[in-house]
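Trainee: I would like to learn how to read a structure like this one. Please take me through it, feature by feature.

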Amino acid sequence: MISTGFEYSRATSLDDALAKLRATNGEGKFIAGGHSLVPLMKLRLSEPKTLIDIARIPGLSGINKHGDNIQIGAGTVHHEVATSALLRQACPMLAEAAASIGDPQVRNRGTLGGSLAHADPSADYPASMLALDADIHLKGPKGSRVVKASEFFRGMFTVDLAADEILVGIEFSPVKSGAYAKLYQRASHFAIVGVAAALEVKGGKIQSARIGLTGASSHATRLTDVEKALAGKPLSKDSIEAAARTAGANLQDLNSDIHASEEYRRAMIPVFTGRALVAAMARA
Ligand SMILES: Cc1cc2nc3c(=O)[nH]c(=O)nc-3n(C[C@H](O)[C@H](O)[C@H](O)COP(=O)(O)OP(=O)(O)OC[C@H]3O[C@@H](n4cnc5c(N)ncnc54)[C@H](O)[C@@H]3O)c2cc1C
């Protein structure tokens with residue numbers, strides 16, 4: 001199908017983007033990579049009267065150190081995240097998640113900010129955002145604010161981002177001993193079950209673990225039972241297998257669709273939790 005007609009303008013700065021959006025009186029939308037929005041427009045599930053292109057705003061993309069933290073601009077494309085030498089060395093889990101997204105076309109146009117704002121229940125990044133306990137930076141007419149990833153993902157395609165705000169970027173403390181494992185749809189590579197695991201290890205013991213799950217339910221969520229089961233345990237395959245065995249058992253309302261039934265997803269959560277944890281352990 002062909003989308004309905006729309007006006008197009010290109011923003012030159014964050015303030016310009018926000019002003020242009022405000023001027024549309026709720027009838028406009030930002031477009032970054034267009035890899036989620038354009039398919040929706042072609043299906044006429046979204047019919048914005050104006051598209052404001054934010055893909056070339058100077059400073060909105062890039063991966064940089066900020067003290068001990070890493071900042072990534074919302075406009076950074078998946079390919080840049082996947083191939084970043086800084087991330088591959090300091091936070092391989094995130095580079096790994098980005099490398100698993102879609103295909104080269106998607107990775108070269110799709111952006112981190114677009115993926116987080118769109119919040120597809122099968123998107124890959126949300127699991128890593130939870131495992132990294134990332135801060136999500138937003139800007140709107142009333143100023144800037146920061147939302148924890150754990151508060152950001154609210155429901156299916158629903159996040160804590162107001163219609164008049166722009167997602168500016170993320171900031172997190174990098175985790176070396178982390179990994180991402182996913183069971184993916186063969187055609188699109190979207191996650192049927194995707195697990196990001198980040199371990200804090202000291203003296204052969206797991207001090208703490210953060211585990212994010214995507215693809216399985218309406219929005220990404222932390223596997224807190226597994227995290228609790230791992231805390232204080234020796235870093236070993238036995239501890240991991242014991243903790244991963246019941247992963248997701250308490251989760252209600254798992255997705256069921258043409259790609260996988262609820263039962264299949266439930267069965268795969270422990271498998272991919274175990275795989276992500278074993279890979280994270282190898283990096284500790
Ligand atoms: C064939 C195909 C395969 C894919 N496979 C995967 C996959 O395996 N894993 C995966 O995770 N994703 C996958 N995707 C989705 C892809 O990652 C998209 O790039 C991503 O979801 C959206 O990013 P975008 O930059 O293209 O956003 P756009 O499509 O431009 O925008 C999406 C939405 O976010 C809003 N938006 C964009 N940027 C901002 C911002 N900075 N602030 C506020 N709002 C903003 C837009 O207004 C729009 O509502 C796939 C897509 C396609 C087409």
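Trainee: Which residue lies over the face of Y184?

Mentor: The general idea is that a charge sits over a ring if NZ of Lys or CZ of Arg is within 6 Å of the ring centre and within 35 degrees of the ring normal. Here R186 lies over the face of Y184, at 4.5 Å from the ring centre. R275 lies over the face of F272, at 4.6 Å from the ring centre.

Trainee: What kind of model is this?

Mentor: It is a predicted model, where local features need pLDDT of at least 70, side-chain atom pairs count only at pLDDT 80 or more, and totals for chains, interfaces and linings use all residues. Residues are numbered from 1 along each chain as its sequence is written, and side-chain values use heavy atoms, with hydrogens and water left out.

Trainee: How many aromatic pairs does a search of the whole structure find?

Mentor: Rings of Phe, Tyr and Trp (its six-membered ring) pair if their centres lie within 6.5 Å; planes under 30 degrees apart are stacked, over 60 edge-to-face, and the rest tilted. The search of the whole structure gives one aromatic pair. The partners are F152 and F153, edge-to-face, with 5.3 Å centre to centre and 85° between the planes.

Trainee: Are F152 and F153 buried or exposed?

Mentor: Buried means under 20% relative accessible area, exposed over 50%, and partly exposed in between (1.4 Å probe, protein chains only). Both F152 and F153 are buried.

Trainee: Now the ligand. How many residues surround it?

Mentor: A residue is near a molecule if one of its heavy atoms lies within 4 Å of it. For this ligand the number is 30, and the closest are F30, G34, L37, T111 and D124. By class, the shell has 14 nonpolar, 13 polar and three charged residues. Ala, Val, Leu, Ile, Met, Phe, Trp, Tyr, Cys and Pro count as nonpolar, Asp, Glu, Lys and Arg as charged, and the others, Gly among them, as polar.

Trainee: Which polar atoms lie 2.8 Å from an oxygen atom of the ligand?

Mentor: A polar contact is a pair of N or O atoms within 3.5 Å. Within protein, one must be able to donate a hydrogen and the other to accept it, and residues adjacent in sequence count only if both atoms are side-chain atoms. H35 places a backbone N or O atom 2.8 Å from a ligand oxygen. S36 uses a polar side-chain atom, 2.8 Å from an oxygen atom of the ligand. L167 has a polar backbone atom 2.8 Å from a ligand nitrogen. Taken alone the ligand exposes 980 Å², and the protein buries 90% of that. Those areas come from the Shrake-Rupley method with a 1.4 Å probe; for residues, only the protein chains shown count as cover.

Trainee: Which element gives the most to the shell around the ligand?

Mentor: Helices (H or I, at least four residues) and strands (E, at least two) are DSSP runs, numbered from the N terminus. α7 gives the most, with four residues. The elements that give two or more residues are β2 (28-31), α7 (112-118) and β10 (166-172).

Trainee: Back to arginines. Why does R265 count as buried?

Mentor: R265 counts as buried because its relative accessibility is 0%. R265 lies in helix α12 (residues 262-282). Its side chain makes a polar contact with the side chain of D257, at 3.0 Å. A polar atom of the R265 side chain also lies 3.3 Å from the backbone oxygen of I192.

Trainee: And R210, in which strand is it found?

Mentor: R210 is in strand β13 (residues 205-214). R210 counts as partly exposed because its relative accessibility is 24%. R210 and L132 are 78 residues apart in sequence, yet 7.3 Å apart in space, C-alpha to C-alpha.

Trainee: How many residues of helix α5 are buried?

Mentor: Six of the eight residues of α5 (residues 92-99) are buried, so the helix is mostly covered. They are P92, M93, L94, A95, A97 and A98.

Trainee: Last, backbone angles. Where is R44, and what is its phi?

Mentor: Phi of R44 is near 60°, a positive value in a residue other than glycine. R44 sits in the loop between α2 (37-42) and β3 (50-53). At 37% relative accessibility, R44 is partly exposed. A119 also has a positive phi, of about 55°, although it is not a glycine. A119 is found in the loop between α7 and α8 (125-131). A119 is buried, at a relative accessible area of 6%.
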